[in-house]
Amino acid sequence: MNHKASTDNWKIPLYKVHVSSSDIKSVRNVIKRGTDWALGKEIIDLEKKLSEYVDCKYCLAFNSGTSAGHALMIAMNLKKYEVIVPSFSFIATANWPLMVGAIPKFADIEEETLGLDPNKIQQKINKKTKLIMPIHYAGLPCKIQEIKKIARDNKIPLIEDAAESIGSSVDNKKIGSFGDASVFSFAGNKVLTSGEGGAIVTNSKKLYEKLKLIRSHGRKITGNYFSSNKIPNYIELGYNWRMSSITAALALSQLKNINYLLNKRRNNSKYLISKLKRSKDLKFHVAPKNYIHSYQLFSIILKDKKTRNGLMNFLTSKRIMSKIFFSPIHNSSFFKQTLPKQNLPVTEKISDTILSLPMYPDLTHSEMNFIAESITEFLE
């Protein structure tokens with residue numbers, strides 16, 4: 001098998017997927033049986049195992065994190081209301097409210113975790129606020145306990161955009177279990193990946209039942225649609241956002257291997273920090289006390305934009321990939337046209353100085369030494 005096609009231009013790419021023999025076997029088994037490529041038992045197994053892992057009662061698998069988030073917005077009936085979100089995120093976070101006719105209301109971030117600043121959330125709440133939706137940047141939990149208290153005190157639902165943070169925790173409580181519901185992504189660069197895919201976890205049976213209808217054409221489910229000759233009952237508008245059995249088999253195999261994948265990332269991050277910590281021009285995005293980081297991204301913060309951009313260009317010349325996660329959503333062309341001018345100084349400061357470096361389980365010590373030596377060479 002050749003996994004090199006997309007990484008040929010880079011000596012060290014931003015990410016590579018760790019492929020186990022179990023991943024290959026799991027997918028092969030679904031393909032070989034020649035049936036149930038949709039609605040297979042792998043989807044039910046994945047949902048059961050993921051809900052147990054996060055410690056939530058219910059889980060629904062989707063064909064992407066984006067469709068999962070869209071479904072959740074529909075289920076929560078947000079039309080014309082405001083949703084507090086960070087601008088320092090992937091654009092889907094702010095697109096979700098717009099998809100259902102709601103308004104994303106940007107709040108600034110704090111500099112410790114790079115998540116929504118609880119103080120800034122409090123200032124943004126008004127009578128139109130119907131949802132608070134923080135993200136856990138790069139796999140490091142935001143100040144979710146403080147945010148949950150604000151949501152509870154104001155009687156506003158809390159959704160965790162946990163796309164980047166499977167395996168992270170605060171005080172031994174898994175990320176994904178703090179909100180009324182949470183969204184995970186299994187896109188290509190995530191800790192647990194199936195190429196594309198996503199999931200929602202929740203403790204609400206009402207929300208779970210509603211999401212099942214939205215995910216599958218508004219069809220009241222009784223058994224497997226493809227192996228039943230009964231006329232189905234469609235009771236509301238829905239979509240086809242189901243995950244395939246092949247995708248679920250791959251995600252399930254990766255979930256069984258999650259502790260290995262997380263430990264490799266954490267150890268690699270620790271090693272890279274040890275090689276770079278002597279540089280006074282670098283800050284690291286590390287976990288506060290009682291926080292566990294999953295290191296979906298390994299990000300460093302430089303002293304200014306010029307240094308960051310210079311380093312990025314220098315690494316490119318060495319064929320080491322780096323990437324800016326994230327450029328502010330509010331500065332994108334679409335959002336500049338869609339919403340009024342925003343004042344988010346911390347978001348803009350971090351976005352101007354942050355850089356994500358290669359991070360994946362199979363990164364070698366010699367590759368990390370090369371990354372560290374290249375950064376040190378540039379900074380000196």
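## Strands

In β2, Glu82, Ile84 and Pro86 point one way and Val83 and Val85 point the other way, and all are buried. The model is a predicted one. In a regular strand the side chains alternate between the two faces of the sheet. Strand β2 spans residues 82-86 and is mostly covered, with five of its five residues buried. Its partner is strand β3 (residues 103-107): five bridges join β2 to β3, and the two run parallel. Within this pair, isoleucine 84 has lysine 105 of β3 as its bridge partner.

A separate passage concerns β6, β7 and β13. Three strands form an open sheet in the order β7-β6-β13, with antiparallel pairing. β7 (173-174) and β13 (291-292) are the edge strands, each pairing on one side only. Strand β6 (residues 169-170) pairs with β13 in the antiparallel sense over two bridges. Valine 170 has tyrosine 291, in β13, as its bridge partner.

## Nonpolar cores

The largest nonpolar core has 41 residues, of which Leu46, Leu50, Ile121, Ile132, Ile166, Phe186 and Ile258 touch the most other members. The elements that give two or more residues to this core are α2, β1, α6 (144-153), β9 (198-202), α8 (245-256) and α9 (258-276). The largest share, five residues, comes from α2. A second, separate core holds 33 residues, including Ala94, Ala181, Trp241 and Leu344.

Which residues does isoleucine 166 touch, not counting residues up to four places away in sequence? Isoleucine 166 touches Leu50, Tyr53, Phe184, Val191, Leu192, Ile258, Leu262 and Ser294. Among these contacts, Leu50 and Ile258 are also listed, with Ile166, as members of the largest nonpolar core that touch the most others.

## Pockets and cavities

| Space | Volume | Lining by class |
|---|---|---|
| Largest pocket | about 660 Å³ | eleven nonpolar, eight polar, eleven charged |
| Second largest pocket | about 490 Å³ | 13 nonpolar, eleven polar, five charged |
| Largest cavity | about 70 Å³ | five nonpolar, five polar, three charged |
| Second largest cavity | about 60 Å³ | six nonpolar, two polar, no charged |

The largest pocket is lined by 30 residues, and Leu39, Ile44, Arg215, Ile221 and Gly223 lie nearest its centre. Two or more lining residues come from each of α2 (41-54), β1 (58-62), α7 (205-215) and β10 (219-220). Helix α2 gives the largest share of this lining, six residues.

A search of the whole structure finds two cavities of 30 Å³ or more. The largest cavity is lined by 13 residues, of which Val17, His18, Lys190, Val191 and Arg265 lie nearest its centre. The lining of the second largest cavity consists of Leu14, Tyr15, Asn189, Gln296, Leu297, Phe298, Leu357 and Met359.

## Threonine 307

Threonine 307 lies in helix α10 (residues 305-317). Is this residue buried or exposed? Threonine 307 counts as buried because its relative accessible area is 12%, and the cut-off for buried is under 20%. Not counting residues up to four places away in sequence, threonine 307 touches Leu302, Phe378 and Leu379. Threonine 307 and methionine 73 are separated by 234 residues in sequence and by 39 Å in space, C-alpha to C-alpha.

Note on methods. Residues numbered from 1 in each chain as written. Predicted model: local features only at pLDDT ≥ 70, side-chain atom pairs only at ≥ 80, totals over all residues. Heavy atoms only, no water. 1 Å grid on protein atoms, 1.4 Å probe; cavity = no way out; pocket = protein on both sides within 12 Å on 5 of 7 lines; lining within 4 Å. Points joined across faces, edges and corners; volume = space filled by probe spheres on them. Helix = DSSP H or I, 4+ residues; strand = E, 2+ residues; numbered from the N terminus. Nonpolar A, V, L, I, M, F, W, Y, C, P; charged D, E, K, R; others polar. Pairing = 2+ DSSP bridges. Core = buried A, V, L, I, M, F, W, Y, C linked by side-chain atoms within 4.5 Å. Buried < 20%, exposed > 50% of the residue type's maximum accessible area, 1.4 Å probe, protein only. Contact = heavy atoms within 4.5 Å.
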